Amino acid sequence: MSLIEVRDLTKTFPYKNSTVTILRGINLSIEEGETLCVVGESGCGKTTFGKILAGLHSCSGGSYRYDGQEVNTFTKKQSVSFRRNMQLIHQNPYESLNPSSMVFDMISAPLKHHRKIRNFSELYRETAALLEMVGLTPVEDFIDKYPTYLSGGQRQRVSIARVLSMNPKSIVVDEATSMIDTSMRISLLDTLKRIQRELKVSYLYITHDLALGRYFAWEHRLAVMYLGQIVELGPTPKLIGDPLHPYTKAILSAGDIEGRESYDLKGVDIPSFHALPPGCSLSPRCPQMIEGVCTVTEPVLSDIGDGRWVSCHLYREE
Ligand SMILES: Nc1ncnc2c1ncn2[C@@H]1O[C@H](COP(=O)(O)OP(=O)(O)O)[C@@H](O)[C@H]1O
Ligand code: SF4
Ligand SMILES: [Mg+2]
């Protein structure tokens, strides 16, 4: 049993007098201690998906099971435990921390609440241990600071420490490095990787930056999202070394990854969620589109062996 199992998941929002469907049948799972990176262009539905996994949105259709249990059938007690076990790290470390709280208060409050630690010296010790774990050392330089005095990268580390104070099994990391200095990004990702090795936590890592996704999930798996669907999923080195789906080939070609053959989509606009083309959503832009097939029938994400999944008629079984 996987920690996270998502089957045919959809999300529809109200739009004017009608609705718009953003997530269109997502299928994937995440194991304990695993990273799954979801990469895709801005606006394709990554944050919506992350919020559903984190329990901030409900899904409109399909199934989301956490630890074997359907999330929308949780009892109150199960819901409380889910909210502790499943955490989210936001994109913006300037908005996610309360400017009038000291670092110690931000981390010790959940320790008091969730781990029932009451004794001050124990609270201090646990808070200091979490600051050390996220690389905010020497601890004395950070524990009594307010967020204003911290850089974006340091704030994001405080956010991580706060999330870890709840002892979660899984964390949604949504573009967590996009608002911090480029020079600090890799070191923050390395910290998250080390935390995973030490605590066996699972990550859903969301990014529009394929190079960061490749780095963060190299030992794990990558899923490529296009217009609210997963078009390809597999072990990261295989997907990067031998991309199968035309959209994956195109983003790799555009992503400046060394030794990559050039592969361009046709120069037409990305369709809107409000006017999706019939058949495959990539068909107006796809250089390998099969007339009469791709424009008529929607491909489905299919297991093609070797841990790889692809949603494209070029790989369908005859
Ligand atoms: N609450 C909402 N109501 C209506 N539309 C939404 C809502 N949240 C997101 N969307 C739409 O869903 C699409 C995907 O958004 P999002 O999940 O934020 O994408 P990403 O994180 O990949 O940039 C966008 O077109 C966005 O406008
Ligand atoms: S199904 Fe057809 S249009 Fe879609 S990606 Fe594959 S070849 Fe291109
Ligand atoms: Mg987003």
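Just after helix H4 (120–133), Gly135 adopts a positive phi of about 80°. Helices (H or I, at least four residues) and strands (E, at least two) are DSSP runs, numbered from the N terminus. This is a predicted model, in which local features need pLDDT of at least 70 and side-chain atom pairs count only at pLDDT 80 or more, whereas totals for chains, interfaces and linings use all residues. Residues are numbered from 1 along each chain as its sequence is written, chains are lettered from A and ligands numbered from 1 in the order in which they are written, and side-chain values use heavy atoms, with hydrogens and water left out.

- The 14 residues of H4 should span 20 Å at 1.5 Å a residue, and the end C-alpha atoms are 20 Å apart, in agreement; the expected span is 1.5 Å times one less than the number of residues.
- Leu123, Thr127, Ala128, Leu130, Leu131 and Met133 of H4 are buried, where buried means under 20% relative accessible area, exposed over 50%, and partly exposed in between (1.4 Å probe, protein chains only).
- The cover over these buried H4 residues includes H3, H5 and H6, with contact meaning heavy atoms within 4.5 Å.
- The loop between H4 and H5 holds Pro138, which is joined to Thr137 by a cis peptide bond with omega of about -10°.
- Most residues other than glycine have a negative phi, and most peptide bonds are trans.

- For the 13 residues of helix H3 (residues 103–115), 1.5 Å a residue predicts a span of 18 Å, which agrees with the 18 Å between its end C-alpha atoms.
- Val103, Phe104, Met106, Ile107, Ser108, Pro110 and Leu111 are the buried residues of H3, and they pack against H4 and helix H5 (152–164).
- Lys116, which follows H3, has a positive phi near 55°.
- The buried residues of H6 are Arg185, Leu188, Leu189, Thr191, Leu192, Lys193, Ile195 and Gln196.
- Their cover includes strands E3 (35–39), E7 (170–174) and E8 (202–207), together with H4, H5 and helix H7 (210–216).
- H6 is followed by Lys200, with a positive phi near 60°.

**Ligand 1**

- Phe13, Ile22, Glu41, Ser42, Gly43, Cys44, Gly45, Lys46, Thr47 and Thr48 surround ligand 1, each being near it in the sense that one of its heavy atoms lies within 4 Å.
- By class, this shell has three nonpolar, five polar and two charged residues; Ala, Val, Leu, Ile, Met, Phe, Trp, Tyr, Cys and Pro count as nonpolar, Asp, Glu, Lys and Arg as charged, and the others, Gly among them, as polar.
- Helix H1 (residues 46–53) contributes the most to the shell, with three residues.
- Oxygen atoms of ligand 1 lie 2.6 Å from a backbone N or O atom of Gly43, 3.1 Å from a backbone N or O atom of Gly45 and 2.8 Å from an N or O atom in the side chain of Thr47.
- A polar contact is a pair of N or O atoms within 3.5 Å; within protein, one must be able to donate a hydrogen and the other to accept it, and residues adjacent in sequence count only if both atoms are side-chain atoms.
- Of the 560 Å² of accessible area that ligand 1 has on its own, the protein covers 60%; accessible areas come from the Shrake-Rupley method with a 1.4 Å probe, and for residues only the protein chains shown count as cover.

**Individual loop residues**

- Glu34, in the loop between strand E2 (18–30) and E3, is buried at a relative accessible area of 11%.
- The side chain of Glu34 reaches the backbone nitrogen of Glu31 at 3.0 Å.
- Leaving aside residues up to four places away in sequence, Glu34 touches Ser29, Gln196, Val201, Ser202, Tyr203, His220 and Arg221.
- Glu175, in the loop between E7 and H6, has a positive phi near 50° and counts as buried at 9% relative accessibility.
- Asp306, between strand E11 (302–305) and strand E12 (308–310), also has a positive phi, near 65°, but counts as exposed at 59% relative accessibility.
- Ser272 lies in the loop between helix H9 (246–254) and E11 and is partly exposed, with a relative accessible area of 34%.
- The side chain of Ser272 reaches the backbone nitrogen of His274 at 2.8 Å.
- Ser272 and Gly43 are 229 residues apart along the chain, with their C-alpha atoms separated by 9.9 Å.
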